[in-house]
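Here is a briefing on one structure. Please read it with the model open beside the text.

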Amino acid sequence: WKFEKIPKWDYLMITTGGEDALYGGMMKREKTRKAVVNYIDVESVEKCSVKIEKAGGKILVPKTPIKGWGYYAIFKDTENNVMGIWENDESAK
């Protein structure tokens, strides 16, 4: 496994490596959130957000850029589970 510190965001990027690599990360717990938020890698945060809302979910944090990395959004599903979606895009501003 590879651990890479991202000091700008006080974030730790984690990859398992290899052909079937898994990616993840960790950051200090925010005071406003009490639970872990798992993210799902998607091709398009915008398109996925529309599908989430059509299925009865609610977007809590709309598409948000992380400069040079990509975009994320946070949603609540129909069973009140909070999750995130992530779109890789190095041109994000």
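Lys 63 lies over the face of Tyr 71, at 4.2 Å from the ring centre. A charge sits over a ring if NZ of Lys or CZ of Arg is within 6 Å of the ring centre and within 35 degrees of the ring normal. The model is predicted: local features need pLDDT of at least 70, side-chain atom pairs count only at pLDDT 80 or more, and totals for chains, interfaces and linings use all residues. Residues are numbered from 1 along each chain as its sequence is written, and side-chain values use heavy atoms, with hydrogens and water left out.

**Lys 63 and its salt bridge**

- Lys 63 also forms a salt bridge with Glu 46, with 3.0 Å between the closest N and O atoms.
- Lys 63 belongs to strand β5 (residues 58-66) and Glu 46 to helix α1 (residues 45-54), so the pair ties together parts that are 17 residues apart in sequence.
- A salt bridge here is a side-chain nitrogen of Lys or Arg within 4 Å of a carboxyl oxygen of Asp or Glu.
- By this rule the count is one salt bridge.
- Side chains of opposite charge can pair when their charged atoms come close.
- Lys 63 is partly exposed, at 32% relative accessibility.
- The classes are buried (under 20% relative accessible area), exposed (over 50%) and partly exposed (in between), with a 1.4 Å probe and protein chains only.

**Chain layout**

- The chain has one helix and seven strands.
- Helices (H or I, at least four residues) and strands (E, at least two) are DSSP runs, numbered from the N terminus.
- Along the sequence the pattern reads β-β-β-β-α-β-β-β.
- The C-alpha trace spans about 35 × 30 × 30 Å along its principal axes.
- The chain has 93 residues, of which 27% count as buried.

**Aromatic pairs**

- Rings of Phe, Tyr and Trp (its six-membered ring) pair if their centres lie within 6.5 Å; planes under 30 degrees apart count as stacked, over 60 as edge-to-face and the rest as tilted.
- The count by this rule is two aromatic pairs.
- The ring centres of Trp 9 and Trp 69 are 6.0 Å apart and the planes stand at 75°, so this pair is edge-to-face.
- This pair links distant parts of the chain, 60 residues apart: Trp 9 is in the loop between β1 (2-6) and β2 (11-15), and Trp 69 is in the loop between β5 and β6 (70-76).
- Trp 9 is partly exposed at 34% relative accessible area, and Trp 69 is partly exposed at 29%.
- Tyr 39 and Tyr 72 also form an edge-to-face pair, 6.3 Å centre to centre with 75° between the planes.
- Tyr 39 is in strand β4 (residues 39-41) and Tyr 72 in strand β6, so distant parts of the chain, 33 residues apart, are linked.
- Tyr 39 counts as partly exposed, at 40% relative accessibility.

**The largest pocket**

- The largest pocket holds about 1,200 Å³ of space.
- On a 1 Å grid over the protein atoms alone, a pocket is an open set of points where a 1.4 Å probe fits, with protein on both sides within 12 Å along at least five of seven lines; lining residues have an atom within 4 Å of a point.
- Grid points are joined across faces, edges and corners, and the volume is the space filled by probe spheres set on the points.
- The lining has 26 residues, and Tyr 11, Gly 25, Met 27, Val 37 and Tyr 39 lie nearest the pocket centre.
- At least two lining residues come from each of β2, β3 (23-27), β4, β6 and β7 (82-88).
- β3 gives the most, with five residues.
- The lining divides into 17 nonpolar, four polar and five charged residues.

- Asp 10 is not a glycine, yet has a positive phi of about 50°.
- Asp 10 lies in the loop between β1 and β2 and is partly exposed at 45% relative accessibility.
- Asn 80 is also not a glycine and has a positive phi of about 65°.
- Asn 80 sits in the loop between β6 and β7 and counts as exposed at 55% relative accessibility.
- Val 42, in the loop between β4 and α1, is buried at 16% relative accessible area.

Methods
Ala, Val, Leu, Ile, Met, Phe, Trp, Tyr, Cys and Pro count as nonpolar, Asp, Glu, Lys and Arg as charged, and the others, Gly among them, as polar.
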